[in-house]
Amino acid sequence: MAQTPVEKTSVTLLGLGAMGTALARTWLAAGYPVTVWNRTPARSVPLAAEGARIADSAAAAVAANTLVVVCLLDDASVEETLTGTDLAGRDLVNLTTSTPAEARARAEWARERGARYLDGGIMAVPPMIGVPEAGGYVFYSGSREVFERYAETLRVPAGTTYVGEDAGFAALHDVALLSAMYGMFAGAAHAFALIRKEDIDPASFAPLLADWLTAMAPSVHQTADQLRSGDYTKGVVSSLAMQVAGTSTFLRTAEQQGVSMELLSPYFALMRRRLSEGSGEEDLTGVVDLLVR
């Protein structure tokens, strides 16, 4: 007996920037019915040729399907776009980059209008969407029921990681990881600056730098363990006092190489401050507490 094909969820997608277009194309390629809307109608035209239904207004797009995915510029554009639409009975999945506070407020805003809300933080760039081996994924937080109902649909463009019913947690995880990324970029920029004027090939130096950063990355597990236990001396290999003493070498090297210390100086200052307030036998974990106001 032939099996009946499983009907795929119809999706409404608001916003066709680079990310929104990548999302739409991935769902369309997987056979999902997709209704799209964009403030600039011309961006919708190529998707029509790929099978998308083009809505002439945001309100019409929202009315077309229960699942409404939003991928716009910012939180203000979400409110502007959805104001005047009937959200009652809709499941709103907001993939627009926002702050945790904005996500929580938007969840309440949606609830007041009769919609269930799921927030998302996309850990990928558009070329990674629809390419499982690229490793992209999306943090989701908010309504567990919405996440579970559309789990299969949401997994089509990228992997999914649900981080809790607090609607702000997806944005918080997103920004926390990206903040660490920019910290890494800052350190890498300083490293390349140090060798910039020397007869050292950056392309030959890069693998050394990548391997070193990879080797250091697991230290985050020790930091997490120390934060959880409250014992910042647990498992210390290189003490805070020892590391603070070594910062003078970095300062002198940068000066001799003609390189600004503006990327590293703030962190070194926090290390010195922690040393003056705590124990020199600690790890660097105490810096975390100095950052929390």
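**View 1. A nonpolar surface patch in the predicted model involves helix 8 and helix 9.** Helix 8 (169-195) and helix 9 (202-216) are the elements that give two or more residues to the patch, and helix 8 gives the most, with four residues; helices (H or I, at least four residues) and strands (E, at least two) are DSSP runs numbered from the N terminus. Phe-185, placed in helix 8, has a relative accessible area of 41% and is partly exposed, a class that lies between buried (under 20%) and exposed (over 50%).

**View 2. Asn-94 is a buried residue of the model, with a relative accessibility of 2%.** Asn-94 lies in strand 5 (residues 91-94), and its side chain makes polar contacts (N or O atoms within 3.5 Å, one able to donate a hydrogen and the other to accept it, with residues adjacent in sequence counted only if both atoms are side-chain atoms) with the side chains of Thr-96, at 3.0 Å, and Tyr-117, at 3.1 Å. Although Asn-94 and Tyr-117 are 23 residues apart along the chain, their C-alpha atoms are separated by 7.7 Å. Beyond its neighbours within four places in sequence, Asn-94 is in contact (heavy atoms within 4.5 Å) with residues including Val-70, Val-78, Arg-106 and Asp-119.

**View 3. Eight strands form an open sheet with mixed pairing, in the order 3-2-1-4-5-6-7-8.** Strand 3 (53-54) and strand 8 (159-162) are the edge strands, each pairing on one side only, where pairing requires at least two DSSP bridges between two strands. Strand 7 (residues 137-142) and strand 8 run parallel and are joined by four bridges, and Val-138 stands opposite Thr-160 in strand 8.

**View 4. Ser-143 occupies the loop between strand 7 and helix 6 (144-149).** Ser-143 is buried, with a relative accessible area of 14%, and a polar atom of its side chain lies 3.1 Å from the backbone nitrogen of Val-146.

**Notes.** Residues are numbered from 1 along each chain as its sequence is written, and side-chain values use heavy atoms, with hydrogens and water left out. Because the model is predicted, local features need pLDDT of at least 70 and side-chain atom pairs count only at pLDDT 80 or more, whereas totals for chains, interfaces and linings use all residues.

Notes:
Buried < 20%, exposed > 50% of the residue type's maximum accessible area, 1.4 Å probe, protein only.
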